[in-house]
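Have a look at the picture and then read on.

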Amino acid sequence: MIMKLNIGVIKGDGIGPEIVTEAMKVLDKVAGVYGHTCNYTQLLMGGASINVNGIPLTDETILQAKKSDAILMGSIGGDAKTSPWYQLEPSKRPEAGLLKIRKELNLFANLRPAILYDELKGACPLKEEITEGGFDLMIMRELTGGLYFGKRQTVEEDGVLTAHDSLTYNENEIRRIAKRGFDIAMKRRGKVTSVDKANVLDSSRLWRKVVEEVAKDYPEVTLEHMLVDNCAMQLVKDPKQFDVVLTENMFGDILSDEASMVTGSIGMLASASLNETKFGLYEPSGGSAPDIAGKGIANPIATILSAAMMLRFSFDLDKEADAIEQAVEKVLKEGFRTIDIMSEGKTQVGTEKMGDLIAGYIE
């Protein structure tokens, strides 16, 4: 089916404009091959918005974002030590725009794939016998509830400063992220590992109960439960055992960073944040890397793979997403590398050339 893809584009800060430009190049190539049309709306957020509007996210940007089918975003932020953006109060700094847009767009489900390509296994810190053949797992993190969004305060009690942070989940919040996790598993290998701390926390016991209820609607998907401390160990012992890892906000924050480390390069890792519809915000997992901005050496692959996720999850264009992912694999097999994944005997290329190569392999 021929589609018109209405995509909001937030190029962001630092290397963001460079890597998003390459992802758009690849999207345009896919659209041309498969007969689709990409309509882009340029939006400002983060430091780029502060420079123009004085705040990291305007109401107009939020309105335009809501009119889009999906958002493709580069990295947000700058050097906290030198950038004037970080002389502002926290609510006006670049990252505040990211938190606000997640809330305004109700982006409760964060998808963070961790893929180790066999061609890059040398960059992985794990033993070769563990990484042989690579691995492919997806961290599904609840993004708008839990400890990070609970009530918090620091008060003096009996003459002692005491901090309180509340970890709260209701069954509806758990059910919607669980359904999304099982839906994603149906597009993958059909296994969900639900991670909690049900031996200690009431919130985790409710989490496990609701996940088991949701699982009954997905008989094709295998469900297992795993305590978060054990999961942290298993990720470095045998990452191949995982398909979709479903977990709450704080656990997901920690585990997704661990998973990104065992792939060897954060420049290869895509991510998506979805709401209850097909709408999603797609961005690379890495930061804005202001120290290399404008040098043409940033790795655009994470952003290009984020664009593939956008095609798969917001537009249900699985063949087109496959085409991008296969093109990335072909380029890696041909030995082309950006500086962050460079190894002996390979051919080093810059940001733009990497985009050209990947677009050239899409058929």
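This is a predicted model: local features need pLDDT of at least 70, side-chain atom pairs count only at pLDDT 80 or more; totals for chains, interfaces and linings use all residues.

Residues are numbered from 1 along each chain as its sequence is written, and side-chain values use heavy atoms, with hydrogens and water left out. Helices (H or I, at least four residues) and strands (E, at least two) are DSSP runs, numbered from the N terminus.

**How helices pack**

For the packing numbers, axes are lines fitted to C-alpha atoms, for helices over the stretch in contact, and angles run from 0 to 180 degrees between N-to-C directions. Angles under 35 degrees count as roughly parallel, over 145 as roughly antiparallel, 65 to 115 as roughly perpendicular and the rest as oblique. A crossing is left-handed if the near helix is turned anticlockwise from the far one by less than a right angle, and right-handed if clockwise.

- Helix H1 (residues 16-34) packs with helix H11 (residues 318-333) at an angle of about 130 degrees, and their axes are 11 Å apart. That angle makes H1 oblique to H11, and the crossing of the two is right-handed.
- H1 also packs with helix H12 (residues 351-360), this time at about 15 degrees with the axes 9 Å apart. H1 and H12 are therefore roughly parallel to each other, and H1 passes H12 in a right-handed crossing.
- H6 and H7 pack at about 45 degrees, with 9 Å between their axes. That makes H6 oblique to H7, again with a right-handed crossing.

**Aromatic rings**

Rings of Phe, Tyr and Trp (its six-membered ring) pair if their centres lie within 6.5 Å; planes under 30 degrees apart count as stacked, over 60 as edge-to-face and the rest as tilted. Buried means under 20% relative accessible area, exposed over 50%, and partly exposed in between (1.4 Å probe, protein chains only).

- You'll find two aromatic pairs in the structure. In one, the rings of Tyr-169 and Trp-207 have their centres 5.8 Å apart and their planes at 70 degrees, so the pair is edge-to-face.
- That pair links distant parts of the chain, 38 residues apart: Tyr-169 sits in the loop between strand E7 (160-165) and helix H6 (171-187), while Trp-207 is in helix H7 (residues 202-215).
- Tyr-169 is buried, with a relative accessible area of 8%, and Trp-207 is buried too, at 1%.
- Phe-182 and Tyr-218 make a stacked pair, 5.2 Å centre to centre with 25 degrees between the planes. This pair also links distant parts of the chain, 36 residues apart, with Phe-182 in helix H6 and Tyr-218 in the loop between H7 and strand E9 (222-227).
- Both Phe-182 and Tyr-218 are buried.
- Arg-176 lies over the face of Phe-108, at 4.2 Å from the ring centre. A charge counts as over a ring if NZ of Lys or CZ of Arg is within 6 Å of the ring centre and within 35 degrees of the ring normal.

**Cysteines**

- A disulfide is a pair of cysteine sulfur atoms within 2.5 Å, and by this rule the count comes to zero.
- Cys-231 is in no disulfide: the nearest cysteine sulfur, that of Cys-124, is 16 Å away. Cys-231 is buried, with a relative accessible area of 0%.
- Cys-38 is buried as well, at 14%.

**Single residues to look up**

- Asn-106 has a phi near 55 degrees, a positive value in a residue other than glycine. Asn-106 lies in the loop between helix H4 (94-104) and strand E4 (109-116) and is partly exposed at 29% relative accessible area.
- Asp-316 has a positive phi of about 55 degrees although it is not a glycine. Asp-316 lies in the loop between helix H10 (301-313) and H11, and at 41% relative accessibility counts as partly exposed.
- Lys-187 lies in helix H6 and is partly exposed, with a relative accessible area of 36%.
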